[in-house]
Amino acid sequence: MTTTPALSTHTSSRPARTSRHCIASRGPRIGQSLDRSAYVLLTRLETGEPLTLKELAHTFQADVSTINRQMSTMLRHGLVERIDAATKGGARTFRPTPLGLERLEADRAISRAGAARLIRAAGWDEERTQQFLTLMVEFNRGIEELEGLAWGRS
């Protein structure tokens, strides 16, 4: 695997700092009402048509049984609804409920506020912040394309 000099320098000299922030981001989501799995599943479901358990499992490269457990919990909490449709070979599909979308947006607002605090702490101006956001979108889309899991977002 080849890397650019900048990537080699920045990633090898500060792995502890980077991993510390990554691990911290997986901890309790203070002030947020959704757990991480509900957050990412709702994020995927809001982007388009209702999806089956198999389609969600493929998207997240997870077992169908894992997705089924997560969706069952979300159903019990009223975050998603199951649609028994004749489409997709008769498989049941899922879509977010208004409550699910409301809680997703509330959690997003908290996440955005946290990101804004980090950006202010880093001292970035608006131009630098926009560059970072553009690169993150490109990076995430590149991962999705590489893995054949593009979400079709605009």
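This is a predicted model: local features need pLDDT of at least 70, side-chain atom pairs count only at pLDDT 80 or more; totals for chains, interfaces and linings use all residues.
The protein chain contains 7 helices and 3 strands, and, read from the N terminus, its elements follow the order α-α-α-β-α-α-β-β-α-α. Of the 154 residues in the protein chain, 23% are buried. When contacts in the protein chain between residues at least 6 apart in sequence are considered, 52% of them join residues at least 24 apart.

Helix 4, which spans residues 53-60, has L53, L56, A57 and T59 as its buried residues. Viewed down the axis of helix 4, these buried residues fall within an arc of 160°, and they therefore line one face of the helix. The packing partners of the buried residues of helix 4 are helix 3 (36-45), strand 1 (51-52), helix 5 (64-76) and strand 3 (92-96).

Helix 3 is largely enclosed by the rest of the structure, because 7 of its 10 residues are buried. These buried residues are A38, Y39, L41, L42, T43, R44 and L45, a set that includes the arginine R44. The cover over the buried residues of helix 3 includes strand 1, helix 4, helix 5 and strand 3, together with strand 2 (80-84) and helix 6 (98-122).

The largest nonpolar core has 17 residues, and those that touch the most other members are L34, L42, L56, I67, M71, M74 and V80. Helix 3, helix 4 and helix 5 are the elements that give two or more residues to this core, with the largest share, 5 residues, coming from helix 3. In soluble globular proteins, nonpolar side chains tend to be buried together. For I67, once neighbours within four places in sequence are left aside, the residues in contact are L41, L53, L56, A57 and A62; among them, L53, L56 and A57 are buried residues of helix 4, while L41 is a buried residue of helix 3.

R95 is found in strand 3 and, with a relative accessible area of 37%, is partly exposed. Although R95 and L51 are 44 residues apart along the chain, their C-alpha atoms are separated by 7.0 Å. Not counting residues up to four places away in sequence, R95 touches P50, V80, E81 and I83. T97, by contrast, is found in the loop between strand 3 and helix 6 and is buried, its relative accessible area being 10%. With residues up to four places away in sequence again not counted, T97 touches G78, L79, V80 and E81.

At the surface, F132, L133 and M136 form a nonpolar patch whose accessible area together is about 240 Å². F132 lies in helix 7, which covers residues 126-146, and counts as partly exposed at 34% relative accessibility.

Methods:
Residues are numbered from 1 along each chain as its sequence is written. Side-chain values use heavy atoms; hydrogens and water are left out. Buried means under 20% relative accessible area, exposed over 50%, partly exposed in between (1.4 Å probe, protein chains only). Helices (H or I, at least four residues) and strands (E, at least two) are DSSP runs, numbered from the N terminus. The arc is that of the directions from the helix axis to the C-beta atoms. Contact means heavy atoms within 4.5 Å. A nonpolar core is a set of buried Ala, Val, Leu, Ile, Met, Phe, Trp, Tyr and Cys residues joined through side-chain atoms within 4.5 Å. Patches are made of residues with over 30% relative accessible area and no salt bridge: like charges are joined within 9 Å, nonpolar side chains (Val, Leu, Ile, Met, Phe, Trp, Tyr) within 5 Å. Accessible areas come from the Shrake-Rupley method with a 1.4 Å probe; for residues, only the protein chains shown count as cover. A salt bridge is a side-chain nitrogen of Lys or Arg within 4 Å of a carboxyl oxygen of Asp or Glu.
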